[in-house]
There are 6 protein chains.
Amino acid sequence: MQKKNENKPDPVKEFNDYRARMNEKLLNNDNKIIKRIFNLDTNAFAPGALDVKTKELLGLVASAVLRCDDCVRYHLESSMEQGATKQEVMETLSIATLVGGTIVIPHLRRAYEYWEALEENEG
Amino acid sequence: MQKKNENKPDPVKEFNDYRARMNEKLLNNDNKIIKRIFNLDTNAFAPGALDVKTKELLGLVASAVLRCDDCVRYHLESSMEQGATKQEVMETLSIATLVGGTIVIPHLRRAYEYWEALEENEG
Amino acid sequence: MQKKNENKPDPVKEFNDYRARMNEKLLNNDNKIIKRIFNLDTNAFAPGALDVKTKELLGLVASAVLRCDDCVRYHLESSMEQGATKQEVMETLSIATLVGGTIVIPHLRRAYEYWEALEENEG
Amino acid sequence: MQKKNENKPDPVKEFNDYRARMNEKLLNNDNKIIKRIFNLDTNAFAPGALDVKTKELLGLVASAVLRCDDCVRYHLESSMEQGATKQEVMETLSIATLVGGTIVIPHLRRAYEYWEALEENEG
Amino acid sequence: MQKKNENKPDPVKEFNDYRARMNEKLLNNDNKIIKRIFNLDTNAFAPGALDVKTKELLGLVASAVLRCDDCVRYHLESSMEQGATKQEVMETLSIATLVGGTIVIPHLRRAYEYWEALEENEG
Amino acid sequence: MQKKNENKPDPVKEFNDYRARMNEKLLNNDNKIIKRIFNLDTNAFAPGALDVKTKELLGLVASAVLRCDDCVRYHLESSMEQGATKQEVMETLSIATLVGGTIVIPHLRRAYEYWEALEENEG
């Protein structure tokens, strides 16, 4: 694995840092409902009748049709961690584009770009 | 298997009959774009890197978060045909409800009711 | 033109009657914002740089991608009144289905059914 | 208060009966995520920095812009129980129609009709 | 109150400047419908049966579930001007996240960040 | 026509370059569904019963109510190429804002800004 160029912006790191910093603020707040929604989020994607990879792909397709770029990024990363291949991810996103229509395409472009950044980080 | 009460309305048959009748009209029409979208729909859920059952569950979660009752009904039926268990379907719908929010709940009630009708038809 | 079967339900009449009855109640209410939104609606579809038929097709495609059956019905009727042909309406709805995705299809089926009811009423 | 016509369908009773019956089935199921989302729903509308009536109006406007008729019905009933007046409810729905656009109007008609049914039941 | 660092970007000023500049262009245009929608927007949030603060929170929750960051920013600022506390705003946003689902979370992060910028500007 | 300032960022060029680069990657991928959706997109906006300019305005209003900035940009450019005037485009966007509500306004601001950039490039 090659040493990465330290001056090059890393969209994966940037996204995760912002996400972690703001989530911490939200959770340090005294709003119980928000805390419990975050907690549920962790539970819903735990192993069950469906394995975690399948659940992450379900989260990915839901995020894509609802056109939430940050949610797509999050589930792309978790899907990769669960061993989802590029082809599986592309099939998932193709279903999203068919079901959700061509308005999903701009999100598909950004998803593809983020997947490439994840692959580069995996290096 | 018991003989069904012929006077009892069957929501599965009613939905499929209406769907088939109107799809035929739409496809007999001379609009190529619509024909090709219908055709793509068949292709997108064919076996690939992901198996058909997983794809049907992807279609189900996408339909549920987009709150399309007819699409949910369609994918519930195809999921059952692919051997998806009630528990797998409920996990899929629970992810939909978490990602899409409590506005998904009325659709969850109707999905559950339709799943019961499918089970009854399976006998 | 043949006399219509008086016992057969007429979805066009039923929709328009309900719509007229409830709109009257809403407008007799003292809420100025709602009154003014209704008023704007009339103005936005008046002739301008674009002719009324084009504007009705714009209203139709917007209603279809937003999956509002009643709005689709309303604009189908106005489009027909403005002389839009079935082919023009189908091209408009095919763009809606492509842009908005296959979740538009159930609305497309109902739109097609309503267009047939409008044609039958035209006699 | 006059005795109600027992043969007349009561949309409030019908909605609440269906809702209660299906919610019970959903909660008797072993899906923890769904159970906890239902539980959160109760908690989010409990008194806090904002009083319950205000929270119900927040739930109403959110339901209306997301065009969820059943959610609108539920929050109309809870708003009435919390003492919200017709004028307050109409102002809430007028904001929904302005923010969410004229596609909210069909839902506004059904909301108005349901509010009238609630008033009749209040007798 | 400390003097602000003049070189630090101010997201509140940046948002308001862009918004004001583009709104002026839109209103100087000869489109009456757009002018009247802008005008209605001012009227809908004027005092009525509901006070202005409640209306701003209604606008905030509607904006959040519809996932419109700029609309959220606008109503956060107006809510603060109407004396809404952070706790009231967080309860409003927690209802949005529950009703609209976890896809609201990225918007919640940005809303929280903007609220902090507003607090900093308040000094 | 004046020579353009080469150091000034050109949002039209930037958008089109990114779009072209990512579309190429998506199409070089082996996912047939995505390829065919892209292909359909070209076909749906070809001349038919409706002329191309009208179809582009239909694509514009659909993109605007679905609040897809990139889709709006794309159809603004194609509409201009088809000879749509600013007034026609503004009428189309005013219908989008009325039908889709004030949450469309931030997208209207960005659409107006992009139209100005297109006009500037036209010189």
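pLDDT is the predictor's confidence in each residue, on a scale from 0 to 100. Keep that in mind, since this is a predicted model.

**Exercise 1.** Work out what the confidence scores say about chain A and about the model.

*Solution.* Start with chain A: its mean pLDDT is 94, and 95% of its residues come in at 70 or more. Then take the model scores, which are ipTM 0.93 and pTM 0.96.

**Exercise 2.** Check whether the length of helix α4 of chain B fits its residue count.

*Solution.* Helix α4 of chain B runs over residues 69-81, so that's 13 residues. The expected span is 1.5 Å times one less than the number of residues, which gives 18 Å for this helix. Now look at the end C-alpha atoms: they sit 18 Å apart, so the two agree. Just past α4(B), B:G83 adopts a positive phi of about 90°.

**Exercise 3.** Find the buried residues of α4(B) and say what covers them.

*Solution.* First pick out the buried ones: B:C71, B:V72, B:R73, B:Y74, B:H75, B:L76 and B:S79. Next, look at the cover. From chain B it includes α1 (11-28), α3 (52-65), α5 (86-100) and α6 (105-122).

**Exercise 4.** Describe the side of chain A that touches chain B.

*Solution.* Count first: the contact takes 27 residues from chain A and 27 residues from chain B. The most comes from α5(A), with ten residues. Sorted by class, this side of chain A has 14 nonpolar, nine polar and four charged residues.

Definitions and conventions
Residues are numbered from 1 along each chain as its sequence is written. Chains are lettered from A and ligands numbered from 1 in the order in which they are written. This is a predicted model: local features need pLDDT of at least 70, side-chain atom pairs count only at pLDDT 80 or more; totals for chains, interfaces and linings use all residues. Helices (H or I, at least four residues) and strands (E, at least two) are DSSP runs, numbered from the N terminus. A residue is buried if 20 or more other C-beta atoms lie within 10 Å of its own, exposed if 12 or fewer, and partly exposed in between; C-beta atoms are placed from the backbone. Two residues are in contact if their C-beta atoms, placed from the backbone, lie within 7 Å. Ala, Val, Leu, Ile, Met, Phe, Trp, Tyr, Cys and Pro count as nonpolar, Asp, Glu, Lys and Arg as charged, and the others, Gly among them, as polar.
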